Amino acid sequence: MNVPEDLRFAESHEWLRADGTVGITDHAQHELTDVVFVDLPEIGKQVAAGQVACVVESVKAASDIYAPVAGTVIAVNEAVRSNPALVNTAPYAEGWLFKLEPKDAAARETLKSPADYRAQIG
Amino acid sequence: MSESNIVLKRTPLHGEHVRLGGKLIGFGGWDMPVQYSGIIDEHHAVRKALGVFDISHMGQFFVEGAGASAWLNRMLTNNVERLAIGQGQYTLMLNERGGVIDDLLIYRICDDDWLLVVNASMIDEDFAWMQSRLPADVTLVNRSDEFAGLAVQGPKAAAWFDAYVGGKCEAPARNHIVRLDIGGGQTFIARTGYTGEDGFELFCPAASAVQVWNDVLASGAAFDIKPCGLGARDTLRLEMCYPLNGNDLSPERTPIEAGLSFFVDLQKGDFIGRAVLAAQKEHGIERRLVAFKMKGTTPPPRSHYPVYRDGTQIGETCSGGLSPTLAAGIGMAYLPVADATPGTPIEIDIRGRRFTAIVEKKPLRKTKA
């Protein structure tokens, strides 16, 4: 499984880039199977760390996606609305979900490093 | 993973699923593949070419004896006397209230020799129900563990069958069953399925399951066969509005309410649940199982979502999902008959938001004329 070096990871399989962009990991998209719908958050929504921020639906189930850190939603990826399969095909690129303005820039450091996340998923 | 502390049963094909990279999940107490290449990909393979499913978890009961047909007609809704040797029918087993215990297929193997194929999760309950009502001149044997099952489904199934048996036998006609020695022992091959496509269901000795599975995949290669999991099995059956026991059928709903009157023979004499069904036929029903299709792009509906009409809740969904063929959310729900007419606009509540759906005629997937 692909685990990029420039990202930090939540135990619940979301990734966070230094610019606040959030998506789900390659491992997560593989576990979820074909993504067919993404329920994105509203821009301006304030989320606490670990709070449900959006919902990704695969053919078989709806899965909650959590905010890896606290913050305000400042952008959403409109492309995954019309083409949800991007979450499967490019989970770290075109398949990103939303962008956060973190409440506390240091919160990112509480998330898992690529090595720790790799160890988690085995 | 909530099922991790439950010991899941494995079919004889478990090792093949792992080897093929199948993604395994707990289903009705069994460790079964939900998908291999992907649910949507497998769904299209069955609609356009050929797919093979492991259905070894399903149960096989054998009923024999001079009184077998009379007894089966008291236990089941359809009329077994209509079956010629080698013929099968879809039927239901009801409780005294007319509610569904299980839906199953019954085949007449010889005059007084019957094969019943029941749902995996209902094997023990069905058997106990039947056993406790068994007369002296009938025997009932649960041979579920002796058999593996494969469903080969798709528009290329007939051509595949000829290649598979190498001209050793003619394909059984729709709803018929043949017995054939295809290596490793006697195998029952029925022209049945749960996908809405042409296809076969093979029930072979558990010990020869791996060989049969690999023979099917090898002979199916020329027909673009794909191994398929329970995920595609569910989307395929839902497009056809075939009920799934536990979702769409329950001990609280009758076959009349489920829209399965065609499989109920009220003229054949008494059977368990008949009085309730006869009364419903005469006086009408309050609710009916309807199919619906979501309007536009919405999250896929799933089971137990509230259903509204004009602001009032009128029911809840019992099955739901995305239809790969229609590229839209689809589902089924028991709704008041006043709201059950095709064309009726309803609303499905998905996580607190309501999305418009239209009641549609069954099946949702229209077969080409």
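**Interface, chains A and B**

I looked up the salt bridges between chain B and chain A and found a count of 5. The model is predicted, so I treat each value as computed from that prediction.

One pair I opened was Glu57(A) with Arg351(B): they form a salt bridge whose closest N and O atoms lie 2.7 Å apart. I note that this sits inside the 4 Å cut-off for a salt bridge.

On the side of chain B that touches chain A, strand E2 (30-35) and helix H2 (39-48) of chain B each supply at least two residues. I sorted the residues of that side by type and got 7 nonpolar, 5 polar and 4 charged.

I then checked the extent of the contact: chain B contributes 16 residues and chain A 14 residues. The area buried between the two chains is about 1,300 Å², and carbon and sulfur atoms give 56% of it. In chain B, the residues that lose the most area to chain A are Lys23(B), Arg302(B) and Arg351(B), together 40% of what that side buries. Arg351(B) is also the salt-bridge partner of Glu57(A).

**Sheet in chain B**

I traced an open sheet of 5 strands in chain B, with order E5-E6-E7-E4-E8 and antiparallel pairing. Strand E5 (88-94) and strand E8 (139-142) are its edges, each pairing on one side only. Neighbouring strands are turned by 30° against each other on average, direction ignored.

For Arg108(B), I found the bridge partner Trp114(B) in E7(B).

Note on methods: Residues numbered from 1 in each chain as written. Chains lettered and ligands numbered in written order. Predicted model: local features only at pLDDT ≥ 70, side-chain atom pairs only at ≥ 80, totals over all residues. Heavy atoms only, no water. Contact = heavy atoms within 4.5 Å. Buried area = accessible area lost by both parts, 1.4 Å probe. Salt bridge = Lys/Arg side-chain N within 4 Å of Asp/Glu carboxyl O. Helix = DSSP H or I, 4+ residues; strand = E, 2+ residues; numbered from the N terminus. Nonpolar A, V, L, I, M, F, W, Y, C, P; charged D, E, K, R; others polar. Pairing = 2+ DSSP bridges. Axes fitted to C-alpha atoms, helices over the stretch in contact; angles between N-to-C directions.
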